[in-house]
Amino acid sequence: MAKSNNYQVDELSDKLSRKISIIKNAGSDKSISVPLTKRASLTINGNTNESSNSNSDQNGKTKSKKRHRTVYPPMQKNYGPKATLKSVTDEYLLLVQDPLSQQLSWTNPPLYVLVIKKLCNDIYKPFNDILKFLIYEHKLITFIEEKDYDSEFVLSDEKLRNAMKPLGTNTKPSLRKFCINECKTLEKNDRNKIDFLICLGGDGTLLHASGLFQQSCPPILSIHMGSLGFLCPFDFDSHRKYINCVVKGGVPLLLRNRLKCKLEKASETLQKLSEPNGCSSSNESSPNREKNSKDFVPTDLLCLNEVVVGRGCSPFLSNLDLYVNDYLITTVQGDGLIISSPTGSTAYAMAAGASMCHPSVQSIIIAPICPHSLSFRPIVVPAGCDLKVCLSPDSRHTAWFSVDGRNTTELKQGFYISITTSEYPLPTISRSDQLNDWFEGLATCLHWNQRQKQLPLNSCYTQNSKIPSRSSSSTSLKIKTESDET
């Protein structure tokens, strides 16, 4: 059989190799960096299988390299004797780094750090200890929020009061107030100066930090001092060691995808489909809706967990039309809808019955809230899909949507919510690695699959068993004794 020239998968490898020619020209023992912020970047190691290469050199012959640990499966080139993938141009080829190989690298030594704490006065003592360690040990310019800067717990510390004062005539204080404004220049907006963040609290504190940085976000070190702490793998007792490792670099970094949510005015075609059929006083009339549409300015909001669209305080069912890539997929009839990121799959979406997804899985989770249907199950779609949610034409009332539990906004006829994966992920520092931290959180925080283990057939529970039997104090059978009968 003559050799076919239609196998185009090899061309994909050639085009990808041209895209990563920088790595090959630099040598297999070197690494390149992908910019993350001004000083932070991701390190891509050029040599990912040094052990297999050394073994092949020792044996004096070429051996097939063992597949290194990765979240992506190996790809087959040919499908049957003649089928293959059609050749594509370079614009359809993506160079994606393996999430398990992402490490923090500093292009320049970090200088500015933002420390955020939860709303609790009991955390001020460890909060002050971290501030003094950053200022006096690492000589970092430290920012804190206004509520903490003016707090009596911070002002009562003499070292922190001295850090608020300039050391000289041409110097600025080491402890500063974190200010956010609309100016995008580096000199006037503190948000553009921050090199990395330290969060003291729980998952809500991390959500607050994500809301502060609606575009590029610096790496975040999350120290668990809250209630659940599923997203906070670090403990306070070893905070000095963790901070030293972050300043030095080379720590594992997990990029958590965030969702971009925008409230937009519907097109003319969509507006005709969304015209209300019934008489409802809750829906605005057409002239008022057009007046509000002219004054409306769409804004982008990034969320780490989920976008929730619900009926709010209305007693009626939510009738929501769900579009995926401009195709009407279904109409949601129930209490609402959850559009979740992989990080949010262990939050509200999990409570609604959705599957738990690792943050490295490129996906968007769609879960209904109390649907009035036995067959409506949560689904998972690719992360690049464009989702739209709007009111159905026969909706009896408006709906309300929130982003990470905040910014509650009313969804009216003539508008729709556009949701897709944002280009700005949230980089969080991992304690052990990107995979094991997630499973440890499932076991310790959510008690995933914890059950009393089954004993072998030749064993039974006794008084000396490690696992106690059920208590007989609440429910027990009253056995009559001989004395009771007499």
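1. Basis. The model is predicted, so local features need pLDDT of at least 70 and side-chain atom pairs count only at pLDDT 80 or more, while totals for chains, interfaces and linings use all residues. Residues are numbered from 1 along each chain as its sequence is written, and side-chain values use heavy atoms, with hydrogens and water left out.

2. Helix pair. Helix α4 (residues 124-137) packs with helix α9 (residues 239-248) at an angle of about 45°, their axes being 11 Å apart. This makes α4 oblique to α9 (under 35 degrees counts as roughly parallel, over 145 as roughly antiparallel, 65 to 115 as roughly perpendicular, the rest as oblique). Axes are lines fitted to C-alpha atoms, for helices over the stretch in contact, and angles run from 0 to 180 degrees between N-to-C directions. Helices are DSSP runs of H or I with at least four residues, strands runs of E with at least two, numbered from the N terminus. The crossing of α4 and α9 is right-handed (the near helix is turned clockwise from the far one by less than a right angle).

3. Residues of that contact. From α4, I130, F133, L134 and E137 meet H239, R240, I243 and N244 of α9 (contact means heavy atoms within 4.5 Å). The residues of this contact divide into four nonpolar, two polar and two charged.

4. Salt bridges. The count comes to nine, a salt bridge being a side-chain nitrogen of Lys or Arg within 4 Å of a carboxyl oxygen of Asp or Glu. E145, K147 and D148 are linked in a network of them.

5. D157 and K132. The closest N and O atoms of this salt bridge are 3.1 Å apart. D157 lies in the loop between α6 (152-155) and α7 (158-163) and K132 in helix α4, so the pair ties together parts 25 residues apart in sequence. D157 is buried at 15% relative accessibility, whereas K132 is partly exposed at 22% (buried means under 20% relative accessible area, exposed over 50%, partly exposed in between, with a 1.4 Å probe and protein chains only).

6. K388 and D326. Here the closest N and O atoms are 3.0 Å apart. K388 is partly exposed at 22% relative accessibility; D326 is exposed at 56%.

7. K262 and E264. This salt bridge has its closest N and O atoms 3.7 Å apart. K262 is partly exposed, with a relative accessible area of 23%.

Key. Nonpolar A, V, L, I, M, F, W, Y, C, P; charged D, E, K, R; others polar.
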